[in-house]
Amino acid sequence: MWYLLLNKTKLLKITILLFQLFSLFFLGLSLHTIVTVSLAVISTETFNFTFNVDDSTGDLFVILDGNLTNNAFLDVTLFFEVATLNSDGQNIAKDSTSLNINSRDTTSFAIKLLIPTEMAWSINLEQNIGTLELTFTVRTLGDLVGFTNKMVILGGDEN
């Protein structure tokens, strides 16, 4: 009787040890994936911000486009949101997109914000008016591991 109980105890200990080892392995793999993709996201070659004015209407277009490569071992889900706020902090325009990038794959995306003529004067980053916010989320391992980061380009008085 004690012999069978001792074998079950050893089996349980081995099972727990294997579960912990697999958990550590997948934690390391997911952290490697998040760091690799995050470094690719924040690199200067990845994104292109452009500001265009439609001459016929006077509307301002803010375009964020990118070409992302997942050089990691796991698939990732990325979420991007771009928002423009006027000098009072009110939301003028906001758009977002979500991407799934398989391991060793590349994908492109574009987010286009339309700022109407009557609001275009309230966002001019070159003259330090308004705010541009970029929020991105990186998730992997079936969305179990991830983080969110917000980058803000502030405008305002330089006094």
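**Definitions at work in a predicted model**

The secondary structure of this protein comes to 2 helices and 7 strands, where helices (H or I, at least four residues) and strands (E, at least two) are DSSP runs numbered from the N terminus. The model is predicted, so local features need pLDDT of at least 70 and side-chain atom pairs count only at pLDDT 80 or more, while totals for chains, interfaces and linings use all residues. Residues are numbered from 1 along each chain as its sequence is written, and side-chain values use heavy atoms, with hydrogens and water left out.

Colleague: In what order do the elements of the protein run from the N terminus on?

Modeller: The order is α-β-β-β-β-β-α-β-β.

Colleague: What makes β1 and β2 a pair?

Modeller: Two strands pair if DSSP finds at least two bridges between them, and strand β1 (residues 47-53) and strand β2 (residues 60-70) have 7 bridges in the antiparallel sense. One of the residues involved is F51, whose bridge partner in β2 is V62. The hairpin of these strands has 6 residues between them, and there G58 takes a positive phi near 85°.

Colleague: How do you know that β2 and β5 pair?

Modeller: The criterion of at least two bridges is set here against 11 bridges, again in the antiparallel sense; L68, for instance, has T107 in β5 as its bridge partner.

Colleague: Why are β1 and β5 said to stand at the edges?

Modeller: The open sheet consists of 3 strands in the order β1-β2-β5, with antiparallel pairing. Because β1 and β5 (105-115) each have a single partner strand, one side of each is left without a neighbour in the sheet.

Colleague: Why is S38 called buried?

Modeller: Buried means under 20% relative accessible area, exposed over 50%, and partly exposed in between (1.4 Å probe, protein chains only). S38, which lies in helix α1 (residues 2-42), has a relative accessible area of 11% and is therefore buried. Leaving aside its neighbours within four places in sequence, S38 is in contact (heavy atoms within 4.5 Å) with V138 and F147.

Colleague: What does the side chain of S38 reach at 2.7 Å?

Modeller: The side chain of S38 reaches the backbone oxygen of I34 at that distance.

Colleague: Why is T131 called buried too?

Modeller: T131, placed in strand β6 (residues 131-140), has a relative accessible area of 13%, so the term buried applies. The C-alpha atoms of T131 and L154 are separated by 4.7 Å, although these residues are 23 apart along the chain.

Colleague: What makes β2 mostly covered, and how much of the protein is buried?

Modeller: In β2, 8 of the 11 residues are buried, and for the protein, buried residues make up 32% of the 159 residues.

Colleague: Among contacts between residues at least 6 apart in sequence, what percentage join residues at least 24 apart?

Modeller: Such contacts come to 58% in the protein.

Definitions and conventions: A polar contact is a pair of N or O atoms within 3.5 Å; within protein, one must be able to donate a hydrogen and the other to accept it, and residues adjacent in sequence count only if both atoms are side-chain atoms.
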